[in-house]
Amino acid sequence: MLISGRQPEFTRLYSLAEGAEYNVSAWRLHAHTGTHVETGLHYVDGRETIDEVEVERLVGPARVLDLTGIEGEEISPADLRAADYEGQERVLLKTANSACAVRDLVKRESWVGLGPAAAELLAESGTRLLGVD
């Protein structure tokens, strides 16, 4: 799985084959491994921490926007509108990144991300949750 920094580490703690009463293993994972939630603190010291996020913000209907056809690296407001963004409270973005993020260990040279103007549109339109592949 593609993550920045340290890769996941597997450790066998107890093994039936080695005489233990049961098998037990442990994983050491980076906080960005797989599905996770980031808050403002991820980018700005002093911002909202995960324990301050209301669970209601994370649960409920969401609009999935198919942005797999975007060429280039920056999602624009026009891209969001073309994919039927209409100010939904929760939005999930499916980009071309989905094709490699689970299988690759190294980030591709080209990576699709949310541009500043699109981020402003989402914030100003009342979107409270954004999920990105």
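Good morning, colleagues. The structure is a predicted model, in which local features need pLDDT of at least 70 and side-chain atom pairs count only at pLDDT 80 or more, while totals for chains, interfaces and linings use all residues. Residues are numbered from 1 along each chain as its sequence is written, and side-chain values use heavy atoms, with hydrogens and water left out.

I begin with the sheet. Three strands form an open sheet in the order β3-β5-β7, with parallel pairing; strands here are DSSP runs of E of at least two residues, helices are runs of H or I of at least four, and both are numbered from the N terminus. Two strands count as paired if DSSP finds at least two bridges between them. At the edges lie β3 (63-66) and β7, each pairing on one side only. From one strand to the next, the twist averages 20°, taken between axes that are lines fitted to C-alpha atoms, with angles running from 0 to 180 degrees between N-to-C directions. Between β5 and β7 there are four bridges, and Arg90 stands opposite Leu129 in β7.

I turn now to the core. A nonpolar core is a set of buried Ala, Val, Leu, Ile, Met, Phe, Trp, Tyr and Cys residues joined through side-chain atoms within 4.5 Å. Buried means under 20% relative accessible area, exposed over 50%, and partly exposed in between, with a 1.4 Å probe and protein chains only. The largest such core has 13 residues, and those touching the most other members are Leu65, Leu67, Ile75, Leu80, Tyr85, Val91 and Leu93. Both β5 (90-94) and α4 (116-124) supply at least two residues each, and α4 gives the largest share, three residues. Beyond its neighbours within four places in sequence, Leu80 contacts, among others, Leu65, Tyr85, Ala118 and Leu122, a contact being heavy atoms within 4.5 Å.

Finally, the charged pairs. The structure holds four salt bridges, each a side-chain nitrogen of Lys or Arg within 4 Å of a carboxyl oxygen of Asp or Glu. Arg57 pairs with Glu48 at 3.1 Å between the closest N and O atoms. Arg128 meets Glu54 at 3.8 Å, N to O. That pair links distant parts of the chain, 74 residues apart: Arg128 lies in the loop between α4 and β7 (129-132), and Glu54 in the loop between β2 (24-28) and α1 (55-58). Glu89 and Arg90 also meet at 3.8 Å; Glu89 is partly exposed at 33% relative accessible area, whereas Arg90 is buried at 8%. Through shared partners, salt bridges join Glu54, Glu89, Arg90 and Arg128 into one network.

Thank you.
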